[in-house]
Amino acid sequence: MVWQHVCFAVWVLCGSMTVCTPPHASRLIECTQDRYLDIETSGKTALVYFGNKVSPATGLFIEQLEKSAEVLEDYGILVAKVNCSQVKVPRYCTGEKILKKVYLFRGEEILKSFATDTVFDVDAIVAHVLFTILFNEVKYVHTPAELHTLEKAVKGRADIVFAYIQALGTPEHRSVMEAVFVYGAKYQFVLTTGGPVLKDMGVEEPSSLVAGLWFLHCKGVSSRSEPCDYTALRKPVTTLNIYAFLQLMEAPLVTEATVEPSQVRTVHGHLHTPLLFLFTQRETLTLDRSTAHSLAQRLRGQVGLVLIHRDSPQAIIPVEYNAAYRLPGEGSPVKFLTLQNMDDVVNLFVEKTPSDEEEEAEDEEDQEPHWSLLDILDDEVAESVYRERGVELNYELVPELTTETIKPAVMETEHTVVLFYFRWDAASMAFMQSYLEIADMLKDLPDVKLARVDCGEWTDLCTSQNISRFPTIKMFRPGEEPQLYRGMLGTESLHRFIMLSRVPVPLLLSSWEEVQSYLGGELYRRHARYSAVTVLGLFSSSMDQGSAVFRQAAKRLRGQVVTGLVAEELATKWAQNFAVKLPAMLVSRGAGFPVEAFTLQISAEEEMTSKIQRAMLDKFPELTVENLPSYLELGKPLLLLFVQDENGESGEAIQELRGLLGRGLPDSYLLCWIHLSRTPAGRGVLESYLGSVPVLPALVLVELGSGEEVFQFPPGRPLLTESVLQWLVRLKNKEEQPAGVISDGKWGPPVPFYDFLAIMDKEAPGFAAQRSPQSKKDVGEEEEDEEERDQAWDCKSDKPAFENPSPSPAQSGEPPSPQHWEL
């Protein structure tokens, strides 16, 4: 009866031409042109392939599509095929789309189209289809900061299932998406394909990991500052393993029983998970419960833990034993033993036996290397682009400009942002996703438009714009010279630049109230989140030379800071208010900070720009990857505080050091700090300074460029203002010993350079000799670039930001009593 209902449903969708065959027959629906319309009007989700001939390549694809139909049927998704040589669907049966595309419909709406070389097998088809349908159920992250933001958002409400896959469309991706289909409403699923987040999770070599899955226990966390504990799936990422793993995460950490171990029945038996039994008694129950809870957290996901009350008449347990275990499997015996501490218990289940290691080694030898092509990529950006090569980009909001269309396009909009790129350039395509995200964020702003120019297609246009590096971004405004974007290639940085570029520069202020509102942050409050700093130039006349130079400098800094200008009598009054002589500059850092005043000297545009940029720098900055170059240009020794967060002892240390600014700290030092959770690279920096990561907060003094020694404020001593000043005096008198030395290492690619020309020479001798020699100018520029890189930080690979050190076992001369456990 069920089979008849299924057959009837297919008949309704594709017409009476469908042949009703037994259940084991193909679920792939072959539709006529007229019956295809029924799929569009039904409102159901359907994956449809349009083809006009069968070649060996398409034949293989049809086989995989047919297999996927059986799988997708379980998810309520139809799979159909239209033969374009017999029927004509004009929209899909013409042009190059035939044989190269497969479409996912929901009624008449196209959810997404896939290239056939992207959905090349059953796993890829199912993974991509479910990923599209469940798009809103899965958050995609690139950085540890994005994952931490999601953690904060769900704390106290839901747990997170975080998955890593090397590429979309893999069997592991399919398994994750099938889990999302079942558990998407219960957990927040998060996906990544990049390595930085894995390093933050404690994975030392992300490139060697095919896939991984972690359960972040956030639902029981009430404080936003408290981190979420996490548990790793220690088995291959398959659908069955994920199901069992999530069931284990829902199971109680510790189960208590009053019967013998052989009589205990828990969910772990159904999930083929070992059971560990600890024995307790009335006198030590509280301590044993605490021990069991700590041990269960360390073994969560691998072993189920049961605390058995040996006082119970039903629990007859030999007094000389304090533990027992039972391996999974029907009829598996209970083995009693006496263990000295918790580490012994953990090693019992975690450490591998020699036979296990031999079997794993044999398995590794039999397996083909996954993504072997990545081994020859000498650039992480290229590797990232290669892994995501199957992800199709939607360019609808970012039209392509040509030599003929760029001028009218720029004249139509007040602000036109143009990305100049090469389609085959890895950096260009890696940034393209961020560029498209920004376009989506700004699509409702009528005065901003984003566009792109492929310099591989329009070389004359790129040459006329002096484009020599890729990707390059320029801001165009009607009647003005285009402005080059010099910031970081990231979503946040470029978005901030565009929003600040919409503010006129400089703002001409004409009343005392306007100036007061401007300096207080009220006049342009909506831009405060993009730049907390505002700069105001004061000049005796709006027509003098200094005013003109300030205007030009403000235009050069457009998109980086909001600038204003006041002239004549109003400028004189404000100058008198801050006891400075005209021309002058006022810098406001927002509410709660005093306005700073500077006297200006009439100078060239470049000098004025540099003066404004230096005045914008914070007196006690938090160093980030983005602002680091600006502060290193000062050439000052770094008095650098490393913190993990801004609470407790770390927060107190930050406030104490801030007090140094008014307590005689020499101006020759740059007082700064790094938040390791927001800037994970700082952990590698600290380790390179001291050889290891000390207890935080940690204060160090380092002079980059002129010395190699690193000094650390004595660990264990309170970080107080007076103590730090005294420490600096001792350093000046050479009374302190260095804590580390900066290594003289140089940056290089993650793997040796792959010399393609040498490879070509093997195939065609003399090919590489046709290269034209480097000019002296090019060699000189390369040497300068190397010198600049050598002056930068020696940022080595990040260490895990989440560290779960094992508790030290109790040190005792005699073994503990078998009746209870000790931490």
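The link of Cys-218 and Cys-228 is right-handed, with 125° about the S-S bond, and it is one of two disulfides that the structure holds, a disulfide being a pair of cysteine sulfur atoms within 2.5 Å. This is a predicted model, in which local features need pLDDT of at least 70 and side-chain atom pairs count only at pLDDT 80 or more, while totals for chains, interfaces and linings use all residues. Residues are numbered from 1 along each chain as its sequence is written, and side-chain values use heavy atoms, with hydrogens and water left out.

**Disulfides**

- The sulfur atoms of Cys-218 and Cys-228 lie 2.2 Å apart.
- Cys-218 is buried at a relative accessible area of 0%, where buried means under 20% relative accessible area (1.4 Å probe, protein chains only), and Cys-228 is also buried, at 3%.
- In the disulfide of Cys-455 and Cys-462 the sulfur atoms are 1.9 Å apart, and this link is left-handed, with -90° about the S-S bond.

**Strand 12**

- Strand 12 covers residues 275-280, and six of its six residues are buried; strands (E, at least two residues) and helices (H or I, at least four) are DSSP runs, numbered from the N terminus.
- Leu-275, Phe-277 and Phe-279 point one way from strand 12, whereas Leu-276, Leu-278 and Thr-280 point the other way.

**Strand partners**

- Strand 12 pairs with strand 13 (residues 304-309) in the parallel sense over six bridges, pairing requiring at least two bridges found by DSSP, and Phe-279 stands opposite Ile-308 in strand 13.
- With strand 14 (residues 323-326), strand 12 pairs in the antiparallel sense over four bridges, and there Phe-277 stands opposite Ala-324.

Notes
Buried means under 20% relative accessible area, exposed over 50%, partly exposed in between (1.4 Å probe, protein chains only).
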